[in-house]
Amino acid sequence: MKEGGVILIARREMKRLVCFLCLVLAMAMPLCAQQRHAVVIGIGDYPENSGWKKIHGDADIEIVCAMLSENGFEPQDIKVLKNRDADKAAIAKVFADLAADVQSGDWVYVHFSGHGQQVSDLDGDEADGWDEAIIPYDACREYKAGVYEGENHIIDDELNQWLMPIADKIGQEGCLLVVLDACHSGDGTRAEDEEEDTVRETDIRGTADKFEYAGFDPDLASPKTPRKTNWIALSACKPYQSNYEYWDGSRYVGRLTYALAQHFRIGVPVCDLLNDIEITYDTLPLRRNTVQNLNADIPERMRDKLIFK
């Protein structure tokens, strides 16, 4: 074979090799681009003038961060807001930053441990007339005209609006898991059961007292926002139940946080994770005549989805 022919064949083989390498790189790029993001919010020490009693939501941070670290999250992937750093403005900012940072296919974990409360439903989208709210550091327990009128409560409608752009950007190839270890309502008399001295009123996250707006005019209500749940949402209890903290032998921690940390693993099907948490819930002691059930809001198409895989 002449020298020119050899050179021609070599060039063809080189082109094929380059094309093959380009194809491999193109296939690998989505995997390389996939990022992990986590927001972990824990509040236990609310201001004295807020009306909220001390709980142990801040103790959950250590548990959640360890759980995430064991599953491939690096310290730089995790944004933590604790106690006074977790006011509404800071929480809103971290969600806005997250929405700006995420890309298609990313994994996102959001965790809130703290108080919760039911709030007057301002847009008529709740069948029972009450919205659920999580309580940041600077939210007060009671409505006081001209002093505090609920502006720092984070109601479910608002949280939904913060989550939607994140879910839209990561798409179906991504995964958004939202965990709320807070109480939305409960029977206040449960905190007065003196027969069980291992559970105190300060170990209940939330209150039976509803936050009621004075002089609400339905004509001034904000437009309804469709409930779009393109994510996996786990809450520590039903909207009508109290969330009792769990004594793990050395400290009080969130019941859902504790159960989730026992079973959370990358690649576990959502339905299996849910089942495992419910089994653990049944083994954790509660005071006499009380019930607390896991509340899960999971789109049907996501029930067999593998967690962050």
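## Basis of the model

The structure is a predicted model, in which local features need pLDDT of at least 70 and side-chain atom pairs count only at pLDDT 80 or more, while totals for chains, interfaces and linings use all residues. Residues are numbered from 1 along each chain as its sequence is written, and side-chain values use heavy atoms, with hydrogens and water left out.

## Overall composition

The secondary structure of the protein chain comes to six helices and 13 strands, where helices (H or I, at least four residues) and strands (E, at least two) are DSSP runs numbered from the N terminus. Of the 309 residues in the protein chain, 47% are buried; here buried means under 20% relative accessible area, exposed means over 50%, and partly exposed lies in between, computed with a 1.4 Å probe on protein chains only.

Strand 3, residues 107–113, is mostly covered, with seven of its seven residues buried. In a regular strand the side chains alternate between the two faces of the sheet.

Strand 3 runs parallel to strand 1 (residues 36–42), to which it is joined by seven bridges, and two strands are said to pair if DSSP finds at least two bridges between them. In this pairing His37 stands opposite Val108 of strand 3. Seven bridges also join strand 3 to strand 7 (residues 175–181), again in the parallel sense, and there Tyr109 stands opposite Leu177 of strand 7.

Strands of a sheet pair through backbone hydrogen bonds, either parallel or antiparallel. An open sheet of three strands has the order 4-5-6 and antiparallel pairing. Its edge strands are strand 4 (116–120) and strand 6 (154–155), each of which pairs on one side only. Strand 4 pairs with strand 5 (residues 130–134) in the antiparallel sense over five bridges, and Gly116 has Ile134 in strand 5 as its bridge partner.

Helix 2 (residues 60–70) and helix 5 pack at an angle of about 20 degrees with their axes 10 Å apart, the axes being lines fitted to C-alpha atoms, for helices over the stretch in contact, and the angles running from 0 to 180 degrees between N-to-C directions. That angle makes helix 2 roughly parallel to helix 5, on a scale where angles under 35 degrees count as roughly parallel, over 145 as roughly antiparallel, 65 to 115 as roughly perpendicular and the rest as oblique. Asp60, Ile63, Val64 and Met67 in helix 2 meet Thr257, Leu260 and Ala261 in helix 5. By class, this contact has five nonpolar, one polar and one charged residues, with Ala, Val, Leu, Ile, Met, Phe, Trp, Tyr, Cys and Pro counted as nonpolar, Asp, Glu, Lys and Arg as charged, and the others, Gly among them, as polar.

The axes of helix 5 (residues 255–263) and helix 6 (residues 270–283) come within 9 Å and cross at roughly 125 degrees, and helix 5 and helix 6 are therefore oblique to each other. Here Arg255, Leu256, Ala259, Leu260 and His263 in helix 5 meet Leu273, Asp276, Ile277, Thr280 and Tyr281 in helix 6. The residues of this contact divide into six nonpolar, two polar and two charged.

Asn289, in the loop between helix 6 and strand 13 (295–297), has a positive phi of about 65 degrees although it is not a glycine, and Asn289 is exposed, with a relative accessible area of 70%. Phe308 has a positive phi of about 50 degrees and is likewise not a glycine. Phe308 is found in the segment after strand 13 and, at 0% relative accessibility, counts as buried.

Ala89 lies in helix 3 (residues 88–101) and counts as exposed at 57% relative accessibility. The C-alpha atoms of Ala89 and Asp138 are separated by 9.3 Å, although the two residues are 49 residues apart along the chain.

How values were computed. Contact = heavy atoms within 4.5 Å.
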